[in-house]
Amino acid sequence: MSSKLINWDEQPLGQVPDRVLAEELGVNKNMVFRARKRRDIKPCGFHSKVHKRVDFDWGEQPLGELPDEALGRKLGVSGNAVKYQRIKRGIPVYQKTEYCPVCGEAVLVFDTRRKVGIPLRILRAVALIDHVREAHQSVMETIEE
Ligand SMILES: [Zn+2]
């Protein structure tokens, strides 16, 4: 599929283990490591031996940049706790953006639909098909013939 451009400044570098972030982004762990090092960000858990319980600066967390549940897991809190903090700040729910291969327009994939247990890759595909159906009927007709 399309090559993935990662805006590392928007990733929770050092807030989660490099390995976990790498899995989340579907990249090699070394990529995360290098991106973190370049920004001189300490690895996740650097202070965890000193302070057992971390009081988050919620303003520093990537609220809405990943699913509430996923962020909660990383921070060791419930998804609802994350949701509460996100809504309090007026940050919209996480949504993935997919780009239409026909017109290049951004197609939003809403994460709320994942609650039914549908994998994100399927939701992306469905969102794209929905968009193509609506915006590019002629293309769709060609495919369906
Ligand atoms: Zn399109």
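The following legends describe an overall view and several close-ups of a predicted model. Residues are numbered from 1 along each chain as its sequence is written. Because the model is predicted, local features need pLDDT of at least 70 and side-chain atom pairs count only at pLDDT 80 or more, whereas totals for chains, interfaces and linings use all residues.

**Figure 1. Overall arrangement of the elements of the chain.** The chain contains six helices and two strands, in the order α-α-α-α-β-β-α-α from the N terminus. Helices (H or I, at least four residues) and strands (E, at least two) are DSSP runs, numbered from the N terminus. Of the 145 residues in the chain, 17% are buried; a residue is buried if 20 or more other C-beta atoms lie within 10 Å of its own, exposed if 12 or fewer, and partly exposed in between, with C-beta atoms placed from the backbone.

**Figure 2. Confidence along the chain.** The predictor's confidence in each residue is given as pLDDT, from 0 to 100. Its mean over the chain is 80, and 82% of the residues reach 70 or more. Among the elements, helix H2 (residues 29-38) has the highest mean pLDDT (93) and helix H6 (residues 137-144) the lowest (74). Over residues 48-52, pLDDT stays under 50, and the model has zero contacts beyond four places in sequence for them. Two residues are in contact if their C-beta atoms, placed from the backbone, lie within 7 Å. Where pLDDT is low, the predicted coordinates should not be read in detail.

**Figure 3. The largest nonpolar core.** Five residues form this core: Leu63, Leu66, Leu71, Val82 and Tyr94. A nonpolar core is a set of buried Ala, Val, Leu, Ile, Met, Phe, Trp, Tyr and Cys residues joined through C-beta atoms within 7 Å. Leaving aside residues up to four places away in sequence, Leu66 touches Glu24, Leu71 and Tyr94.

**Figure 4. The buried side of helix H3.** Asp68, Leu71 and Lys74 are buried in helix H3 (residues 68-75). They lie on the same side of H3 because they cover an arc of only 130° around the axis, the arc being that of the directions from the helix axis to the C-beta atoms. Helix H1 (18-25) and helix H4 (79-88) are included in what covers these buried residues. Just after H3, Gly76 takes a positive phi of about 75°.

**Figure 5. Asp40 in the loop between H2 and H3.** Asp40 lies in this loop and, although not a glycine, has a positive phi of about 55°. Asp40 is exposed, with 7 other C-beta atoms within 10 Å.
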